[in-house]
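Subject: Model handover

Hello,

Here is the model we talked about. Please open it next to this email, and read the notes below with it on screen.

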Amino acid sequence: MRVVIVTESFPPDVNGVAHCALQTARHLVDRGHAPVVVAPAPAPGHKPDAFAPCPVVHVPSLPLPGYPQVRVALPSRRLAATLVEHRADVVHLASPFVLGVRGMAAAARLGIPAVAVYQTDLAGYARTYMGAGEAAAWRRIRSVHGAADLTLAPSSAALHDLATHGVPRVELWPRGVDTERFRPDRRDQALRRELAPKGELIVGYVGRLAPEKQVELLAGVCGLEGVRVVIVGDGPSRPGLEQGLPGAVFLGRRTGDDLARVFASFDVFAHTGPFETFCQTVQEAMASGLPVVAPAAGGPLDLVAHGHTGLLVPPRDATAVRDAVRSLAADPGLRTAFGAAGRATVEGRTWAAVGDRLIGHYTKVLAGRRTAVAA
């Protein structure tokens, strides 16, 4: 199968869309298929991922105003030319917003089936950054995804949102996790002594530092006696968070085995963002054997079994986050039980298993197109 993956983000970017696009390309190659990736060019001075498993076509891009870590693709003929030159059987649209919209249009003109992967809560971002615009965001989502042969939602909450807002032909496609990389035995005592020299309980957050992630909700956790908050990631909110989270350690961006070592060296993982369509870092924390505290909204509802693998708390509730962490800090046995249950839960959620499900979706779409043509 010849697949063109049109993605709004790709390594060296570090985010859920980029990671999922990379894992998709790797799995397609592993299964003998022929993918090509089309993505915005990285910022000047940033080298593309040397480990990309297939050809990557970069289109010109500019930084998003106010959020330079995000690159926005400019109009380019390279996208349509790639679809033609690669003789694509399927176009895979990863979180279509700007480049993906052009990919959808080009696929329609060329008569190529398109599978759109919903990964970004644009409506939630509209509320966060503009205080309004949710209805307009849903109109755009409905327009883009409604043109696809199939939309894949990463969680039951996302599937419900899409169906409620009139997006047709939606099915569930979750995300995999690398259980070989993220595992409890990567726990590093030397790193723990560096992060918490007085033996404090380490509560970690991993992700972008941006307004929609609401990392400031960890301020109360910073005030707990015997607790050290460690923040992994970067983004426009970092300066404010460094002021608002007293005593927290900021490690910046970490990737690969280094990130896995950091994850495994936490005692508790705390996620705060209420707009997650899936939340890959929660799965990585569970694979690392950690109890999880997360908002009872979006993707974490599928991932965290409250009272079994972690604690779900009301979204945007700093007091609830603090109290959940405090209860785990006071009960080492509960932390151990939650962590072991979380690891057991994700052990079968490999990228290979998830990738095979994706290929099944492609096959179904192609069969549907053939049936329609025959009729």
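Arg87 sits in the loop between helix 2 (78-86) and strand 6 (90-94). Bear in mind that this is a predicted model. Arg87 is not a glycine, yet it has a positive phi of about 55°. Most residues other than glycine have a negative phi. Is Arg87 buried or exposed? Its relative accessible area is 55%, so Arg87 counts as exposed, the cut-off being over 50%.

Gln214 is another non-glycine residue with a positive phi, here about 50°. Look for Gln214 in the loop between strand 10 (201-206) and helix 8 (219-222). Its relative accessible area is 12%. Buried means under 20%, so Gln214 is buried.

Next, the peptide bonds. Most peptide bonds are trans. The bond that joins Pro11 and Pro12 is cis, with omega about 20°. Pro12 is in the loop between strand 1 (2-7) and helix 1 (16-30).

**Aromatic pairs**

How many aromatic pairs are there? The count comes to four. Two of them are worth a look on screen.

Take Tyr118 and Trp138. Their ring centres are 6.5 Å apart and their planes are at 25°. Planes under 30 degrees apart count as stacked, so Tyr118 and Trp138 are a stacked pair. Tyr118 lies in the loop between strand 7 (114-117) and helix 4 (122-130). Trp138 lies in helix 5 (residues 134-146). The pair therefore ties together parts that are 20 residues apart in sequence. Tyr118 and Trp138 are both buried.

Now Phe182 and Phe263. Here the ring centres are 5.6 Å apart, with the planes at 85°. Over 60 degrees counts as edge-to-face, so that is the label for Phe182 and Phe263. Which parts does this pair tie together? Phe182 is in the loop between strand 9 (170-172) and helix 7 (189-195), and Phe263 is in helix 10 (residues 256-264). The pair therefore links parts that are 81 residues apart in sequence. Phe182 and Phe263 are both buried.

Phe182 and Phe263 also belong to an aromatic cluster, together with Phe266 and Phe269.

Best wishes

Technical notes
Residues numbered from 1 in each chain as written. Predicted model: local features only at pLDDT ≥ 70, side-chain atom pairs only at ≥ 80, totals over all residues. Heavy atoms only, no water. Helix = DSSP H or I, 4+ residues; strand = E, 2+ residues; numbered from the N terminus. Buried < 20%, exposed > 50% of the residue type's maximum accessible area, 1.4 Å probe, protein only. Phe/Tyr/Trp six-rings, centres within 6.5 Å; stacked < 30°, edge-to-face > 60°.
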